[in-house]
Structure formats: C-alpha cells, structure tokens
Amino acid sequence: MTAAVPRSSRAARRVCTSADSNERTQRHGSRLPAVSITLGALSIASFWVIGVGFILGAAAIVCGAIATSRSAVADDEAASLRALLGVLAGVAGITVSAIALFPMPAQL
C-alpha cells in the first residue's frame, strides 16, 4: 500500500521577498565582465579586418573598466578576474591588430 503525497497549499509555497531578489542579483552579478571577455576575444579573432579589432578591443577595455568600478564586481573575486581578463584581451586585440596592419601602408 502506498501513502498519498499531500499537495502543498498556496500558503506553504515560498514567497519571494526583496532579500531573495537581492541575493539573486548578487549571485549572478554584473554581465559586464563576460561582455568584456567576449569583446576581447572577438577583437583578437577579427584582427585581420581593418578597424574591427581596434573597435572591439576598445569596447572590451571600456566594459572591463566600468565593470571593475562597480562595487558588486569589486566584491566578487571571480567577476573582478573576468573583468581584468576582458581588459587584457582587449589590449591584446588592439596590439595584434596594430601588428597586423603595420605592413599594410607599404602595399599602398
């Protein structure tokens, strides 16, 4: 014989409070560090397209710098590291784009 599992009533369901939503946003944090890494990786990958590597690299640096200035990211070590890696990827993308474009004026 099996026992019937009682269904929970509406009163027993968990009520979402502002503390829960605040905890949820702190857990997920800002998306700027991830955007910074993505833009930096795209700037490295698109170094051969004239100007795109520079623009994406600059955007990665700006997003990473804004992310590190936010208190939610500064308190989270992993998010802070992602923002720093995004800045470094942006700098690498600009550097690789500049190195790839140096021989170009000789061909013009």
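A: Start with one contact, in a model that is predicted. Helix 2 meets helix 5 through P33, S36, I37, G40, A41, S43 and I44. On the side of helix 5, the residues are A79, R82, A83, L85, G86, V87, A89, G90, A92, G93 and S97. By class, this contact has 10 nonpolar, seven polar and one charged residues.

How are the two helices placed? Helix 5 covers residues 77-101, and its axis lies 7 Å from that of helix 2. The angle between them is about 20°. An angle under 35 degrees counts as roughly parallel, so helix 2 is roughly parallel to helix 5. Helix 2 passes helix 5 in a left-handed crossing.

Now step back to the whole chain. The protein chain has six helices and zero strands. Read along the sequence, its pattern is α-α-α-α-α-α. The chain has 108 residues, and 23% of them are buried. Consider contacts with a separation of 6 or more. Residues 24 or more positions apart account for 71% of these.

Helix 3 is the next partner to look at. The axes of helix 3 and helix 5 come within 8 Å. They cross at roughly 160°. The cut-off for roughly antiparallel is over 145 degrees, and therefore helix 3 is roughly antiparallel to helix 5. Helix 3 passes helix 5 in a left-handed crossing.

Which residues meet there? Helix 3 brings G53, F54, G57, A58, A60, I61, G64, A65, A67 and T68. Helix 5 brings A83, G86, V87, G90, V91, G93, I94, S97, A98 and L101. The residues of this contact divide into 12 nonpolar, eight polar and no charged.

I61 gives a close view of this contact. I61 is found in helix 3. Leaving aside its neighbours within four places in sequence, I61 is in contact with V87, G90, V91 and I94. The C-alpha atoms of I61 and G86 are separated by 6.8 Å. Along the chain, I61 and G86 are 25 residues apart. Is I61 buried, exposed or partly exposed? The relative accessible area of I61 is 25%. Buried means under 20%, and exposed means over 50%. I61 is therefore partly exposed.

Helix 2 and helix 3 also pack against each other. Their axes come within 8 Å and cross at roughly 160°. Helix 2 and helix 3 are therefore roughly antiparallel to each other. Helix 2 passes helix 3 in a left-handed crossing. From helix 2, the contact uses L32, P33, V35, S36, L39, G40, L42 and S43. From helix 3, it uses G53, L56, G57, A59, A60, C63, G64, I66 and A67. By class, the residues of this contact are 11 nonpolar, six polar and no charged.

Not counting residues up to four places away in sequence, L39 touches L56, A59, A60 and C63.

L39 also belongs to the largest nonpolar core. The core has seven residues in all: L32, L39, L56, A60, C63, A67 and A83. Helix 2 (32-45) and helix 3 (52-69) are the elements that give two or more residues to this core. The largest share, four residues, comes from helix 3.

I55 lies in helix 3. The relative accessibility of I55 is 61%, so I55 counts as exposed. I55 and S43 are 12 residues apart along the chain. Their C-alpha atoms are separated by 7.6 Å.

V49 sits in the loop between helix 2 and helix 3. V49 is partly exposed, with a relative accessible area of 28%. V49 and A100 are 51 residues apart in sequence. In space they are 9.5 Å apart, C-alpha to C-alpha.

Return to the opening contact. Helix 2 and helix 5 are roughly parallel. Helix 3 is roughly antiparallel to helix 5, and helix 2 and helix 3 are roughly antiparallel to each other.

Notes. Residues numbered from 1 in each chain as written. Predicted model: local features only at pLDDT ≥ 70, side-chain atom pairs only at ≥ 80, totals over all residues. Heavy atoms only, no water. Core = buried A, V, L, I, M, F, W, Y, C linked by side-chain atoms within 4.5 Å. Buried < 20%, exposed > 50% of the residue type's maximum accessible area, 1.4 Å probe, protein only. Contact = heavy atoms within 4.5 Å. Axes fitted to C-alpha atoms, helices over the stretch in contact; angles between N-to-C directions. Parallel < 35°, antiparallel > 145°, perpendicular 65-115°, else oblique. Left-handed = near helix turned anticlockwise from the far one by under 90°. Nonpolar A, V, L, I, M, F, W, Y, C, P; charged D, E, K, R; others polar.
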